Amino acid sequence: MSSPYELKWGILGCGWIASVFTKDLLLDTAARGAGNIKHTVVAAGTSSDLGRAQKFLDDCGVPSGTAAAYGSYETLVQDPNVEIVYVATPHSHHFPHVLLALKAGKHVLCEKPFTVNAEQARILYDVAKEKNLFLMEAVWTRFFPLSIEVRNLVKSGKIGEVKRVLADTSFLNEMETKFPPENRMVNMDLAGGALLDLGVYSLTWVFQILYHLDENPKTPKVVGHIQKYAVTGCDETATVICQFEKATGIAMTSCRVGTDVDEEGTAGPAIRIYGTKGEIQVAHPAFRPLKYRVILPKEEGGAGEWQERKDAGGAMYWQADGCARSIREGKLECEVMPWKESIAIMEVMDEMRKQADMPYPEAIESTAH
Ligand SMILES: NC(=O)C1=CN([C@@H]2O[C@H](COP(=O)(O)OP(=O)(O)OC[C@H]3O[C@@H](n4cnc5c(N)ncnc54)[C@H](OP(=O)(O)O)[C@@H]3O)[C@@H](O)[C@H]2O)C=CC1
Ligand SMILES: O=C1OC[C@@H](O)[C@H](O)[C@H]1O
């Protein structure tokens with residue numbers, strides 16, 4: 001048997017999601033049927049503190065002596081052992097941090113939302129292409145076996161022709177107590193707000209179903225509405241209607257009201273995919289889908305049982321496997337999260353912010369590089 005393809009990771013930014021992702025990289029790939037891939041964490045860097053980077057590696061369970069700790073992102077990306085950099089900093093910083101890694105000759109997986117605006121995204125993909133490097137927005141949701149199953153069900157025609165998708169990624173929060181003004185969720189300097197942080201998942205569901213129905217997929221026409229958070233001016237609730245060639249998507253998001261009220265899913269499905277012969281529902285949370293069901297007319301079986309899918313750990317490894325397979329095959333982009341689609345989603349969010357007059361500070365909208 002040939003040895004597994006190994007991908008060596010460097011972690012840029014040692015915050016919350018970076019710890020979930022790093023622990024997932026350490027899980028046994030064979031246990032999920034991906035034994036021909038091996039992920040190795042070879043380095044982690046914080047913005048300013050080497051000791052904290054070392055503590056991060058230790059806390060994540062990276063075997064002692066197998067990974068280097070760095071006290072700056074500049075030194076991390078120079079590590080010759082690092083093949084791919086995982087960027088896990090706030091939205092505002094994705095553009096400069098991805099650029100930093102690409103310019104150092106590293107492949108990149110960057111957390112969602114990919115950038116602050118579509119122009120920044122276009123620039124990053126141009127740089128990746130020029131440098132022949134792999135680059136992907138870390139929209140983990142698309143890589144779940146459950147997402148693939150739902151996409152395949154739609155393709156199979158089980159619910160007929162899809163005409164509408166309704167997607168909601170919302171959390172009930174007492175915002176004033178949960179998010180102090182400097183918190184990344186609401187801080188305009190960090191590109192905070194529900195739309196970029198959570199709305200990207202609703203748009204993911206709308207796009208992974210509807211964008212692909214069109215013969216020549218392009219950015220849909222958009223009518224959006226944003227309710228602002230009085231304390232910082234970011235959006236607390238956002239809704240958009242996306243008109244594709246063949247169908248309509250309605251993407252909703254909020255960090256004020258939720259689809260998670262009782263945490264049991266009785267609040268109703270987060271995703272509803274409406275076809276001419278039936279419907280597919282996916283339960284909350286939209287970003288980590290755990291169960292779905294098909295609902296057909298009564299004479300054809302009515303409401304099906306919920307189909308549950310459990311993934312080990314943080315379930316962020318599916319997207320890491322996608323990176324490894326793409327890089328092994330010499331691809332610059334992964335077909336599950338193509339560049340053109342990431343840009344189209346950024347364009348929808350740009351248009352919504354334009355309609356709502358919600359620019360971010362010039363410093364983080366900047367495309368200077
Ligand atoms: N896929 C998913 O499910 C999730 C994705 N995310 C995404 O991951 C990214 C990070 O989110 P999260 O881990 O929750 O955030 P955290 O605040 O926990 O971590 C962000 C990290 O970025 C580094 N950083 C660099 N510059 C700044 C700055 N100016 N202000 C604040 N932090 C800075 C921080 O420090 P240092 O480098 O010094 O460690 C920090 O560790 C976001 O893009 C978010 O949307 C978040 C949650 C879930
Ligand atoms: O990406 C995310 O998914 C989970 C949420 O809790 C978090 O705010 C968001 O960044």
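Residues are numbered from 1 along each chain as its sequence is written, while chains are lettered from A and ligands numbered from 1 in the order in which they are written. Because the model is predicted, local features need pLDDT of at least 70 and side-chain atom pairs count only at pLDDT 80 or more, whereas totals for chains, interfaces and linings use all residues.

An open sheet is formed by 6 strands in the order β3-β2-β1-β4-β5-β6, with parallel pairing. Strands (E, at least two residues) and helices (H or I, at least four residues) are DSSP runs, numbered from the N terminus, and two strands pair if DSSP finds at least two bridges between them. At the edges stand β3 (68–70) and β6 (135–138), each with a single partner strand, so one side of each has no neighbour in the sheet. From one strand to the next, the twist averages 25°. Strand β5 (residues 107–111) runs parallel to β6 and is joined to β6 by 4 bridges; V108 stands opposite L135 in β6.

Helices lie across this sheet. Helix α4 (residues 94–103) lies across β1 (5–12), β4 (84–87) and β5, at about 165° to β5. Helix α9 (residues 317–328) lies across β1, β2 (37–45), β4, β5 and β6, at about 125° to β1. For these angles, axes are lines fitted to C-alpha atoms, for helices over the stretch in contact, and the angles run from 0 to 180 degrees between N-to-C directions. An unreviewed UniProt entry annotates residues 7–136 as "domain: Gfo/Idh/MocA-like oxidoreductase N-terminal"; UniProt positions are given in the numbering used here, feature names are shortened, and annotations may be inferred rather than shown by experiment. The span 7–136 is 39% helix and 22% strand, and its end C-alpha atoms lie 15 Å apart.

A second open sheet has 8 strands in the order β8-β9-β10-β7-β11-β12-β13-β14, and its pairing is mixed. Its edges are β8 (221–228) and β14, each with a single partner strand, so one side of each is left without a neighbour. Strand β11 (residues 271–275) pairs with β12 in the antiparallel sense over 4 bridges, and the bridge partner of I271 is V282 in β12. Helix α10 (residues 339–355) lies across β8 and β9 (235–243), running at about 55° to β8.

Ligand 1 is surrounded by 22 residues, of which the closest are G15, W16, I17, T46 and S47; a residue is counted if its C-beta atom, placed from the backbone, lies within 6 Å of the ligand. The shell divides into 10 nonpolar, 8 polar and 4 charged residues. Helix α1 (residues 16–25) gives the most to this shell, with 3 residues. Domain 1 and domain 2 each supply at least three residues to the shell.

Some loops contain particular backbone features. The peptide bond from K112 to P113 is cis, with omega near -20°, and P113 lies in the loop between β5 and α5 (118–131). A cis peptide bond also joins H284 and P285, with omega about 5°; P285 is in the loop between β12 (279–282) and β13 (291–295). A315, although not a glycine, has a positive phi of about 60°, and A315 lies in the loop between β14 (307–308) and α9.

Definitions and conventions. Contact = placed C-beta atoms within 7 Å. Nonpolar A, V, L, I, M, F, W, Y, C, P; charged D, E, K, R; others polar. Domains from an automatic or database assignment.
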